[in-house]
Amino acid sequence: MSRRVVIGMGEDGRSCVQFDGEVPQLGPVAQLVWRTESVPADNSGREDAAVPYRMEFLHDGGTNFLITHFPPGRDELAFMHATDTIDYLVVISGEITLVLEEEETVCGPGTLIVDRGVNHGWRNDGQVPAVYASVTLPARPVGKGRTV
């Protein structure tokens, strides 16, 4: 699927590769590549921070780096939601439709998306799975704030 290289500090105090391999497949759609529990992040330690993804991670004050494999036909009605986060996404392959309250836009490979915590949803209207990477960071609420 996707190779993950995590670098850090070794026991001897020198930089090194700590993890090199596939992103752990710990869920059906979204897999955490890495997460922190706070901002600023604590870069000490050697534990693997890839754990099964939970929606609560969006609002616990930490950061999340995810890879999402979005099959065709999933969420045909585009689950609309808002989060108190700022999310940076890049479409790697396939196409996803970004559904907003006023419009929709199709996002293909190389599309960079900045989601500023507004109400939105995703659909895959294509024939192949879509893959996108995203980073979520805590943010102040906008509008009515989060719905999930």
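A residue counts as partly exposed when its relative accessible area falls between the 20% under which it is buried and the 50% over which it is exposed. Keep that in mind for the first of these close-ups, which are drawn from a predicted model.

View 1. Val17 sits in strand E2, which runs over residues 15–22. With a relative accessible area of 48%, Val17 is partly exposed.

**View 2. The largest pocket, with about 650 Å³ of space.** Here 26 residues make up the lining, and Ala30, Tyr53, Met55, His81 and Tyr132 are the ones that lie nearest the centre. If you trace the strands around this pocket, E4 (63–70), E5 (85–93), E9 (120–123) and E10 (130–138) each supply at least two lining residues. By class, the lining holds 14 nonpolar, eight polar and four charged residues.

**View 3. The second largest pocket, with about 500 Å³ of space.** Look for Trp34, Arg35, Asp42, Ser44 and Ala49, which lie nearest the centre among the 19 residues of the lining. Two or more lining residues come from strand E1 (3–9), and likewise from strand E3 (30–36). E1 gives the largest share, with four residues.

**View 4. The second largest pocket again, now by residue class.** Its lining is made up of six nonpolar, seven polar and six charged residues. Arg35 and Asp42, both nearest the centre of this pocket, count as charged, while Trp34 and Ala49, also nearest the centre, count as nonpolar.

Notes:
Residues are numbered from 1 along each chain as its sequence is written. This is a predicted model: local features need pLDDT of at least 70, side-chain atom pairs count only at pLDDT 80 or more; totals for chains, interfaces and linings use all residues. Side-chain values use heavy atoms; hydrogens and water are left out. Buried means under 20% relative accessible area, exposed over 50%, partly exposed in between (1.4 Å probe, protein chains only). On a 1 Å grid over the protein atoms alone, a cavity is a set of points where a 1.4 Å probe fits but cannot get out, and a pocket is an open set with protein on both sides within 12 Å along at least five of seven lines; lining residues have an atom within 4 Å of a point. Grid points are joined across faces, edges and corners, and a volume is the space filled by probe spheres set on the points.
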